[in-house]
Amino acid sequence: MGTVGEKMKALGAVGGGGAPVPVVCSSVRNHRFRVSFSSSSPSPGPKTVEQVGIGALKSDYKPGVFDDLFLKLFRNKLVQVRILRSLFPPYLLELYKMLIAPIGGGKIAAMMVARVTVLTCQWLMGPCKVNSVDLPDGTSCSSGVYVERCKYLEESKCVGICTHTCKFPTQTFFKDHMGVPLLMEPNFADYSCQFKFGVLPPRDDTIVKEPCLEACPNAKQRRMVARNIDITACPKT
């Protein structure tokens with residue numbers, strides 16, 4: 001056993017003859033090297049807290065047995081268009097339907113609604129403009145609204161969400177509560193949408209047969225796990 005001075009000199013000799021290196025600093029350096037090495041090494045062993053956290057974040061959500069039920073109930077609430085009705089003052093919708101909608105065979109009401117839609121709904125749908133559409137009586141009227149690129153459709157990238165939470169409830173709202181027929185024709189190729197106020201929607205709308213969009217995140221996941229099922233139809237329609 002040597003003295004403390006002899007030990008310090010020995011450490012200095014190992015370090016290349018420079019100033020003696022304190023033992024505590026040497027242990028800290030070794031500790032840091034071990035942490036860095038273990039975090040990048042794939043060797044098996046107990047996982048750190050960081051590794052466990054990252055693994056938890058990467059876990060995929062797996063739908064449960066009640067998911068479809070909750071989704072259906074949510075859609076039914078939206079179809080009742082209570083949200084749209086709550087945006088209008090009391091009795092305004094009833095008065096509009098009773099006093100304005102019958103004027104001029106409904107054309108005046110349709111043109112007014114088209115202009116109000118452009119002025120008030122661009123925050124939701126994106127840039128849009130009034131355009132002319134063909135009416136069932138063979139005439140044309142400036143009661144259309146052309147949405148250049150619907151933000152709601154572009155962000156959802158889902159046929160079912162577009163049709164069940166936007167198209168069908170909106171058509172029902174204007175017809176039942178304002179007396180203005182409406183046909184909405186979304187374009188799933190470029191995310192545009194044509195509103196046709198004054199035009200009744202068909203009884204059997206073929207939009208419910210639209211396939212999933214290529215960009216739909218749910219469709220991509222289903223293609224990875226699909227086995228002997230039709231992955232072209234949107235499960236939300």
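Let me begin with the largest pocket, whose lining takes at least two residues from each of helix 4 (67–79), helix 5 (82–85), helix 6 (92–100), helix 7 (107–120), helix 8 (122–125), helix 10 (159–178) and strand 4 (193–197). Please keep in mind, as you look at it, that this is a predicted model. Among those elements, helix 10 provides the largest share of the pocket lining, with seven residues.

The volume of this pocket comes to about 940 Å³, and of the 31 residues that line it, those closest to the centre are Leu84, Leu87, Cys121, Leu124 and Phe174.

Now let me turn to the cavity. The count gives one cavity of 30 Å³ or more, and the largest cavity holds about 70 Å³ of space. Its lining is made up of Met125, Cys150, Leu153, Cys162, Cys166, Lys167, Met184, Pro186, Cys193 and Phe195, with helix 10, strand 3 (182–186) and strand 4 being the elements that each give two or more of these residues.

Which element supplies the largest share of the lining of the largest cavity? That is helix 10, with three residues, and you will recall that helix 10 also gives the largest share of the lining of the largest pocket. By class, the cavity lining holds nine nonpolar residues, no polar ones and one charged residue; Lys167 is among the residues of that lining.

Conventions. Residues numbered from 1 in each chain as written. Predicted model: local features only at pLDDT ≥ 70, side-chain atom pairs only at ≥ 80, totals over all residues. Heavy atoms only, no water. 1 Å grid on protein atoms, 1.4 Å probe; cavity = no way out; pocket = protein on both sides within 12 Å on 5 of 7 lines; lining within 4 Å. Points joined across faces, edges and corners; volume = space filled by probe spheres on them. Helix = DSSP H or I, 4+ residues; strand = E, 2+ residues; numbered from the N terminus. Nonpolar A, V, L, I, M, F, W, Y, C, P; charged D, E, K, R; others polar.
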